[in-house]
Amino acid sequence: MSEKNNKTINGQKIFCLASMGLMAAASIVLVILLFTSGLLNKGIVWAIAGGLALLNGLHIWLQLGKGKVHVGKTVCGVIALLLTAAMLVAMVAVGKVSGAFHDISKERKEGIYVGVYVRADDPAQELKDVSGYLLGIAAQPDRDNTLRALKDMEDAVGVVEEKELNSSVELASALLSGDVDAMLLNEAFLDTLEETDGLTDLSDQVKLVHEFYYAQEPDQVVPVNTNVLTDSYIIYLSGSDARSTDVSVRARSDTNILAVVNPTIHRILLVNTPRDYYVPLARNGQMDKLTHAGIYGIEESIATLENLYGVDVSYYARINFYGLKDIVDAVGGIDVVSPMSFTLSTNACSKSGDIDREVVEGVNHMDGAKALAFARERYGFADGDNQRGKNQMAILQALTAKLTKASTLVNYQNILAAVSNNMTTNLSYEDITALVRTQLTSMSEWKIDTYAVTQGSGSTSQPCYSLGGAEAWVMPQNEASVQAAREMIQAVLSGTEDSQS
């Protein structure tokens, strides 16, 4: 045999043995990843493992069996490499899915930003420029973080002359009138102040020159002892309107939906509570808008809703407005059913850019920008914030329907990126994978009902704790609708009767 032929045969042997080894190694790694990720039922993983073991056994038998190297062995080597490549793709997919679920379920401390603000026409551009300014601070709210920021400011620029005002409303008014030259303010309260007369365009009249970030210690949370596959439970769905894209920043909660889940009968009831509902805060019993509870942390929003409906909330999931836009785009848009035709307002579109503003009665295909505007619209409705809550639940229904379609899986990488960057939850990784594993195994359809509590009688201008007692527009409670919501929640939790829509 010529030297050239020997080299060819030796090269074929090396190729065949290498392909055999790579396929075996990839099979082992993939099976380990599938077992440790918990994404698939163990029975399915064992079946995959068995199939891979059979393929590897046949390949080893062929490659190591008696006989010369021939075209058949080489072809099998090529097939083995193709299978190895497919398994590498599967490993990457499993890793991305697992990583995304770890990201959204990891424990995160909420944070707040305390900003140093001056008037919009002030020449100051950074912290050192306000040295020597008369600085205003508020006695309430969030005095602890204000004083913490004051100390850090003095460490940076030296002694600061300050003037204390009774409330954030008085503080902002003092800055605009020139009684103080700058102010320290928890940034979450800037939008809150614009709800009061005389400060409706505050963000346009002031300028942020520096901000201090502080991680907040969470309240003591009681461990959740819920089996998400067999027990009924409630998830608080919160939509943050934070100016920051950081989903962990404390801010007003513009979306407040309780998702009541009964996995044994595959029923979900979404109960919307309008952002301006006038409720006693759990922290002190003081009356305020529900949206303001989010400024004090997600635990405060949860506790306030628990008191309103007489329930225990096991979990939460929070997403910011930027996240909604990204997620809808990642799934290729959604089909949202609107009960009426209308034109989206300029205010609702302020975070959406240049979009088609027309919404028609019936089905509307929406990209992320339009879905975001649709979720924010409220001024164009006679029913105001109550209709906005219904629209937000319509988006949740449309998004759920799209996510359960097999065709959506093609965009899984974009979906996972959007979710992991814009959402946080206290559902554990094990809980999330258990839900995914069960849904993939059964492919069961869920019936989703919605309900929104409505406005009651009484004055719509009331003092709010978070505004230092200043009055703002609120939505008085309708006790009959709240009681109806309580009964519907209990019916779904117990599975005793159908919920109403």
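Rings of Phe, Tyr and Trp (its six-membered ring) count as a pair if their centres lie within 6.5 Å; planes under 30 degrees apart are stacked, those over 60 are edge-to-face and the rest are tilted. By this criterion, a search of the whole structure finds six aromatic pairs.

The model is predicted, so local features need pLDDT of at least 70 and side-chain atom pairs count only at pLDDT 80 or more, while totals for chains, interfaces and linings use all residues. Residues are numbered from 1 along each chain as its sequence is written, and side-chain values use heavy atoms, with hydrogens and water left out.

Select F189 and Y296. Their ring centres are 6.4 Å apart and their planes stand at 70°, so the pair is edge-to-face. Because F189 lies in helix α6 (residues 188-193) and Y296 in the loop between α8 (290-293) and α9 (298-309), the pair ties together parts that are 107 residues apart in sequence. F189 and Y296 are buried (under 20% relative accessible area, 1.4 Å probe, protein chains only).

Next, select F342 and F374, a stacked pair with 6.1 Å from centre to centre and 20° between the planes. F342 and F374 are both buried.

Finally, display the largest nonpolar core, which has 62 residues; such a core is a set of buried Ala, Val, Leu, Ile, Met, Phe, Trp, Tyr and Cys residues joined through side-chain atoms within 4.5 Å. F101, I235, I334, V336 and I395 touch the most other members.

Conventions:
Helices (H or I, at least four residues) and strands (E, at least two) are DSSP runs, numbered from the N terminus. Buried means under 20% relative accessible area, exposed over 50%, partly exposed in between (1.4 Å probe, protein chains only).
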